[in-house]
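Please read the following note with the sequence and the model side by side. It is written as numbered points, so that each may be checked in turn.

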Amino acid sequence: YRIQEISEITVQGSSISLTSGSASYAAIDTGTTLVGGPSDAISEIFAQIPNSEPSSNGYWTYPCDTDVTLTMAFGGNTWTVSPADFQLEQVTSSQCLGAFFELPDSANTITPPWIVGDTFLKNVYTVFRYNPPSVGFANLSSVATGMDGDLNLAVPTPTFGSVAAAVT
């Protein structure tokens, strides 16, 4: 994984308190499904979602009929997590489990306080570079974002250039 500093998180238009520097470092990790963070920040995220409540093991539930609008900013650019990706699963007829959860206190470990996985990464095009080590994000195409949350759509066909290539 690569480390990036989260410069801002907003939920339902309200900014979440983040400490700058290493307290806001995030591992950008393709091997992680959800987004985990410090309990105070995760509590503040769900405090912006009416009728949300702690569940178990650091997870939170919220009303399924709530479209959660969450953004994360890295390096001066802001990226949106779609409401469909914020909703991990429906746990009762009216309550859903959020895809952001509390990580155990990492004060005595070498891991960063945040781990940002697929819940965020599905919403951006991500490029990892080996040397120098870095990671960058870009907007997805309108075709990709138009498919969000609709499991019945066919996967788009790959686009290949029309110019013939030759190897010599």
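The points below go through selected features of this structure.

1. Basis of the note. This is a predicted model, in which local features need pLDDT of at least 70 and side-chain atom pairs count only at pLDDT 80 or more, while totals for chains, interfaces and linings use all residues. Residues are numbered from 1 along each chain as its sequence is written, and side-chain values use heavy atoms, with hydrogens and water left out.

2. The salt bridge. Side chains of opposite charge can pair when their charged atoms come close. A salt bridge here is a side-chain nitrogen of Lys or Arg within 4 Å of a carboxyl oxygen of Asp or Glu. The count by this rule is one salt bridge. D85 forms a salt bridge with K122, and their closest N and O atoms are 2.9 Å apart. D85 belongs to helix α2 (residues 83–86) and K122 to the loop between α3 and β13, so the pair ties together parts that are 37 residues apart in sequence. Helices (H or I, at least four residues) and strands (E, at least two) are DSSP runs, numbered from the N terminus. D85 counts as buried because its relative accessibility is 9%; buried means under 20% relative accessible area, exposed over 50%, and partly exposed in between (1.4 Å probe, protein chains only).

3. T119 is found in helix α3 (residues 118–121). With a relative accessibility of 3%, T119 is buried. Apart from neighbours within four places in sequence, T119 is in contact (heavy atoms within 4.5 Å) with T33, L34, V35, V81, D85, A99 and F100.

4. Surroundings of S24. S24 sits in the loop between β2 and β3 (25–28), and at 1% relative accessibility S24 counts as buried. Neighbours within four places in sequence aside, its contacts are Q4, E5, I6, L18, T19, P113 and W114. A polar atom of the S24 side chain lies 2.2 Å from the backbone oxygen of T19. The C-alpha atoms of S24 and G37, which are 13 residues apart along the chain, are separated by 9.0 Å.

5. The two sides of helix α1. Which residues of helix α1 (residues 39–47) are buried? They are A41, I42, I45 and F46. These residues cover an arc of only 135° around the axis, which puts them on the same side of α1; the arc is that of the directions from the helix axis to the C-beta atoms. The face of α1 turned away from this buried side carries the exposed residues D40 and A47.

6. Backbone geometry. Most residues other than glycine have a negative phi, and most peptide bonds are trans. Q12, although not a glycine, has a positive phi of about 50°. Q12 lies in the loop between β1 (2–11) and β2 (14–15) and is partly exposed, with a relative accessible area of 31%. N57, also not a glycine, has a positive phi of about 55°. N57 is located in the loop between β5 (53–54) and β6 (60–63) and is exposed, with a relative accessible area of 70%. A cis peptide bond, with omega about -5°, joins N131 and P132. P132 lies in the loop between β13 (125–129) and β14 (134–138).

Conventions:
A polar contact is a pair of N or O atoms within 3.5 Å; within protein, one must be able to donate a hydrogen and the other to accept it, and residues adjacent in sequence count only if both atoms are side-chain atoms.
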